[in-house]
Amino acid sequence: MKQDFAILQGAFLLAEKLCLPSNLSSLQKEDWSKAVHPILDAIREVCGQDTLCAHPSTATATAVSWMKKVVCVVWLKLLSRENGEDAEKAWRESPFFSLQSGLPEVNHVVLLETVRSMAAARVFASFLLHLAHPQICAELERLVQHVKTCPTREDDVRLFLDVWWEMWKGKDEEEKSEEDKIETLFARQVASLCCASASVSPQAAKRLKLDPTDTSTSVPTTDVLHILLYALRDIRNNISSAELCFQALSVSFDALYTTFLIEQEIGLSPRDRLHHLSQVAIIKERNDEKLSPELVRETQRDLRASHRPSQFGSSTITLGEAFKIITELAQSWQSSGLLKQCDSSDSSIWAFKLDQSVQRVLGALPDTVDGVDDLETEKKKLNQLLQSLGSPAVKVTAEVDARITATIITHRLGDYQNFTVLFASEENWSAGEEQWMKCLEKNQVAFQQCDTVIRLTATLMAKLNSGGLEVSQCKKLMTIIADIFSALSLEEKNRALADMLGLSSRGFLGCSVPSAVTERFEKELNMAFNCIIQGGGRASATASQGNLNTAVSLVARVAFQNPEAAIKSCCHSAIFNKDAFSLMANILQQLHGLRGQQTGKDETQGGPERMEVSDAVSGSVLLCTCLREITKTKLLSANEKEQLVKFVGLLMKPVMTVDGDDKKQSFLSQPEVMNNFVLPNVSALGCGSSDIELSLQLLQAVLSAATQEAESSPDWMMDCSPFPLLCVLAQLLNQSLRCWEQPPEGAVYRWSMDSRELLVSVLSTLGGVVGAHVAASPSSWSRALFWLHSQVEELDWTVRLYLKPVWGDHFKNEVPSSLLTVCDLPEQEWLGLDLPQYGLGTGLLAWMECCAVSDPLQATMLSCLSLDQSRADHMSMFSKGLLVALTQTLPWCSVPQWTRLLRLLRELIATSRLHAPFSLEYVDFLPLLDLRKFSCDLRLSVLLLRVLQLLCGSSCSGWLEADGWAHVGRLYAHAVKEIVGSVRVKLPSSSTKALVSKEIATKHPKKGDGSQSDLNPADGALEITTDSQMEEVDIVPSQEVLFVLSQLFCHVQHIQVMMPGGQCEPLFLCSLEILSHYEAIVAAFPDAGTLLESDNTRHFFSTITDNLQNQEMKAVLQQKIAQLVPSTA
């Protein structure tokens, strides 16, 4: 750099010599030719180009940089002399001091002629724009004075007009280079010089005004437009070419328009801007100026400057005054014949710009303008001016539009994002697929916005439908668009997915695509889901967030190409891949855009193409359709049904999205599940085409999701035909009450007890939800309630009890009349029915069935039970009747109902209302144990033994089928486990046991080991253990627990032998569990029994087990019994 500046300094010193006897500080305009050559030669040398021009379209960045340095240094050298810069201070503070000091003194002629010779109006204007407003005006005055000084050449006028327009364009916001710093440093240095000049002495100030070229004596104005317009009027006679006239008028009209006629920037659509850019490009190409990024960028700046309010407000000149000056100039040049008609073969860019400028002014002028007497006449003259110009229409082709748009996108020129949308939308631009696709592939980052992706998608689909793409082009373009989509944020991916569903539910493959494209997509789809399942499908509960994000991205990519196929794959993976339902649900919840456009969104979003597509459908509908198809065409296993239900349940769960919206959303709404899976299937009673149990499970999932909502009870439920649904559920429950009986002819479904439990749960929950709405507005639902009551009148009376929450006080509880004989129920709430199957003596049966329905109803039955405990005959009859009623009720109870009845029996035993004596049937001798704590457990076990003895007796032998007996075994095993649990809780925990053992050992150490310590050291007498101390030692009831467990084991073995088949697996497992508990207690409490007692117990257990018919079960139990040896052995 130092060498280059040495060249420049040498050139200026040589020019100084060539000016002798004058010098550069007093050089006149007409003498510039003496000094110009060495200066320009040096500038060409350091710039590295033969032709000097600061325009970006022709100059390199290095050349522009050097031109800026030259102008900056020369200008500061001039200002330093004018303002009397202190050399000592400048040496320390000015970054340009060393460069300035090597130059001779210069004046404004040297500065401005150097700018003119370099064609550096743009550089000069960029420095001007960094100055304060008064300084701008002062420098413009000097420029104007220089231009008006003889000789005034066209180059001077062109410099003046170029500086004017470059100032109007303002600072180049896109040019954020290091060179911007030189303008900032220049402005800072100028400000410093002005401050120093303000404090200089008057004598020094007088000496600084000796510039012979400074002839301005008028009061300086601060109105930029005033300076420029009046200067143009003064030099109008020095303009002799049509091109300069066009330029002068165009710049003047644009200055007037942006100063007076607009208050804010006029926003042009990308298409309008592109049309203007294309017209300018075509005109310049005719004049041998090639299309380049710099040309497009400068045209954009010109267009922006023409539609943006000027930064230079007008303080003195008015609209009328300015308009009058410009129209006078136009008329003067027109009368001189300078405004010649354009030849279509040699179009003028400034003529085109003038045409545009005049049209803008004419369109924005008000009806009246102060200072203009006859505005309409002036407007007519301007229209005549347009006609005289005769500017030919510039025909723009799609090829030019595409090239310019590609240039803007590739080089990230102004507003390129909107041009990407335009580029993606124009189907006819893609006629030249190679260039269009090349731009798309090269600039994928620029297209990474939702609207652009959808426009590209619509363009591709249109071309696919028209058959205008080859297979390779189709594959490549689909891949490019999928890659662009994959780079979007999750929020924008969801927007794009929703828009794609608006276009087509099958995405790209909804069009006429070649089979090779379909095969390629299917491979990508399979690969994506294989990666997901192998990478995290089986461990979805613990899958990392990174794995989930990867899975979401993979599914989003294939879903964008074909939403329907992706959703189908999600459904299949969720149902048929073990434990994959959770991951698939998480993925779909993240991709809520697959639900489609939500209500309230902008329907125009995504372009007009959406309205042209006929197969648009929401993702939730696709998902429901897919799941319905699976359930109808596939024979699902129990595990697959369970995964389906869990999958749907998770999709109904509201989750927080990443869109910044605080409202939670679910992929599937509860009404959608109701209307797609529950109502059609449950209502098709008797058709045999639907899986009733699966429908009930889905209904239970819906009700569970509804009742978990924080809001009040779901209002949508009342829009889903709740009363017909309740009616159907009641009918189904009526069918399932006698599930062990042979189904009637024509029945299509054999009810299991699990199905009945599910049905009762669903009916109770739904009844509670509907009942809450009915209670809130009883009169609104009275008609529906009466209809429902009339429909269930013929059903079993217990079914109507489940509907009590629905109709509340509208109807009484209808029960068999026999119930009223054993229960004092209020007549205003209860109504007795004469039912043929409930004759005399069936009151307790009805009472027991009521107790099994619900906890509140059981509490009512207990509180209203009519039983005189003071009479032994009443107690005896009640106990015997209850035994028979329990025997009749047991086989038809579900597990929840049986649990409820067990609680009832404990209550009756504990309150001495049920006489259930414990008999010692399985002991050889009377144990000396305290069994009071276990009284209820033992009595309940004996009572159940009596029930099973009665049930397994000859009178009931043909009552149940094999499934019924298996269910009875399960219920009895459930009861025994409940009793065992009750017994085991009476043992202390391990920590409590250790504390008690320590306390006993401390207070009562063991005796009898023959040591002297056995004797009292005081009197030599033996220590005697009192009864109270014996009680203290035996505070852990381990022996009692072992005794109770042995009785339970015997009861279970007895019943297993009695039951038909003798192979009830639940009872076998229950026996093993009792033995395991027995073994654990023996190990934990070794003092609970002696070796002899243990041997007797093992022998006793083995003897009972010998009665089992199943040899495998017998062998396992006897092996377990043989292990019951205390640890002391």
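**Close-up views of a predicted model**

**Figure 1. Lining of the second largest cavity.** The structure shown here and in the following views is a predicted model. The residues around it are F5, L8, Q9, F12, V70, V73, V74, L99 and L103. Two or more lining residues come from each of the helices α1 (2-18) and α3 (61-82). Helix α1 makes the largest contribution, with four residues.

Figure 2. The elements that supply two or more lining residues are α13 (242-261), α15 (293-306) and α17 (349-364). Helix α17 provides the largest share, five residues. Sorted by class, the lining has four nonpolar, five polar and four charged residues.

**Figure 3. The largest nonpolar core and the surroundings of W847.** In soluble globular proteins, nonpolar side chains tend to be buried together. In this model the largest nonpolar core has 366 residues, and W164, F647, L729 and W847 are those with the most contacts inside it. Helix α3 gives the largest share of this core, 13 residues. Leaving aside residues up to four places away in sequence, W847 touches L819, V822, C823, M861, L862, L865, L882, L904 and L908.

**Figure 4. Helix α16 and the elements that cover it.** Helix α16 spans residues 319-335, 17 residues in total. The distance from its first C-alpha to its last is 24 Å, close to the 24 Å expected at 1.5 Å a residue. An α-helix has 3.6 residues a turn, so residues three or four places apart point the same way. In α16 the buried residues are L319, G320, A322, F323, I325, I326, T327, L329, A330 and W333. Among the elements that cover these buried residues are α12 (224-234), α13 and α18 (375-389). Just after α16, G337 adopts a positive phi of about 80°.

**Figure 5. Two cis peptide bonds.** Most residues other than glycine have a negative phi, and most peptide bonds are trans. L20 and P21 are joined by a cis peptide bond, with omega about 10°. P21 belongs to the loop between α1 and α2 (32-47). From C150 to P151 the peptide bond is likewise cis, and its omega is near -5°. P151 is located in the loop between α8 (133-148) and α9 (154-169).

Figure 6. D288 is a residue other than glycine with a positive phi, near 65°. This residue sits in the loop between α14 (270-286) and α15. D288 is exposed, its relative accessible area being 74%. R412, which is not a glycine, also takes a positive phi, of about 50°. The loop between α19 (398-410) and α20 (416-425) holds R412. R412 is partly exposed, with a relative accessible area of 33%.

Notes. Residues numbered from 1 in each chain as written. Predicted model: local features only at pLDDT ≥ 70, side-chain atom pairs only at ≥ 80, totals over all residues. Heavy atoms only, no water. Nonpolar A, V, L, I, M, F, W, Y, C, P; charged D, E, K, R; others polar. 1 Å grid on protein atoms, 1.4 Å probe; cavity = no way out; pocket = protein on both sides within 12 Å on 5 of 7 lines; lining within 4 Å. Core = buried A, V, L, I, M, F, W, Y, C linked by side-chain atoms within 4.5 Å. Buried < 20%, exposed > 50% of the residue type's maximum accessible area, 1.4 Å probe, protein only. Contact = heavy atoms within 4.5 Å. Expected span 1.5 Å × (residues − 1).
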